[in-house]
Amino acid sequence: WYHGVEVRHDGVVEDVPAVHECPMKGTSCVKSYPVIEQHGAIFMWFGIDAKEPAKPLEFPEQLASEAWSSFLCQADWKVNHQYAIDNVMDPMHGSYLHCTSHSMAEGDRTAEMKHRSTEHGFVFEKEGQVGVNFDWVEYANTGASWLRLSIPYRKDFGPGGEFWIVGYATPIDANNTRVFFWRCRKVSGWQRNVWRFLYRNHLEKLHWDVLEQDRIILENLAPHARQQEFLYQHDVGLSRLRRLMKKEAEKQLKKIANLKSANRIELQEEAHG
């Protein structure tokens, strides 16, 4: 932009109009990343090793199947991304923080919790209560980490039963996160049109009101709140996910260290060659 240099999507310099026959032309000067644009969002593979191919990206059924209709919403929260994940991994807070909302006013305010493993992660759920409130949440990693849950609609909120949420939390920096939520419903034909009309004209504001409650709570937590927390039985799912994320982070840090070591050896060999 500064000097009109034109760079292709793959990082190769297409043209340098300010210089006749510039040697930069045709060279790879900018790092590029594999990108998928789907469901109204852009998914980028960062990777650790530039030589490693991108992992396949698979979406949960609510996004992958045409039987579902969805709306994407995104918001920037002034919190570490781990706080946003902690919030979704806590089904019990729906009965308290969101108890006056359009979808979480019902159900028990006391519950026993359990977790069960899935092919790509695990489900953390209330025992003996399903389809009443925010009763369960699923974590999975299918090329990218996502969270999924379902919440019942009132009967006068259109066809299709409960609605589902598929969410991703993307760190911006240590204290800011961009959250992505697809609000999904399995509907077809005229019922799909009715729900989409209801969503845009009435339900969307109600959803944003709930999301705003989460944002206010998280952004007003005390500094370093995680170092002062007291976890109990309802936090089993949260604790398990933290362990998984820590294990993955340690694996990636080890891989980075190995790559740096290999690069140093390669440079030394070239210097002595």
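Is Tyr139 buried or exposed? I found Tyr139 buried, at a relative accessible area of 11%, where buried means under 20% and exposed over 50%, with partly exposed in between (1.4 Å probe, protein chains only).

I noted that this is a predicted model, in which local features need pLDDT of at least 70 and side-chain atom pairs count only at pLDDT 80 or more, while totals for chains, interfaces and linings use all residues. Residues are numbered from 1 along each chain as its sequence is written, and side-chain values use heavy atoms, with hydrogens and water left out.

**Tyr139.** I located Tyr139 in strand S8, strands (E, at least two residues) and helices (H or I, at least four) being DSSP runs numbered from the N terminus. The side chains of Tyr139 and Ser145 are joined by a polar contact of 3.2 Å, that is, a pair of N or O atoms within 3.5 Å, where within protein one must be able to donate a hydrogen and the other to accept it, and residues adjacent in sequence count only if both atoms are side-chain atoms. I also checked Val88, which is 51 residues from Tyr139 in sequence and 9.7 Å away in space, C-alpha to C-alpha.

**Asn133.** I found Asn133 in the loop between strand S7 (121-126) and strand S8 (136-141), and Asn133 is buried, with a relative accessible area of 0%. A polar atom of the Asn133 side chain lies 3.0 Å from the backbone oxygen of Met104. Beyond four places in sequence, Asn133 is in contact (heavy atoms within 4.5 Å) with residues including Gly94, Lys126 and Pro152.
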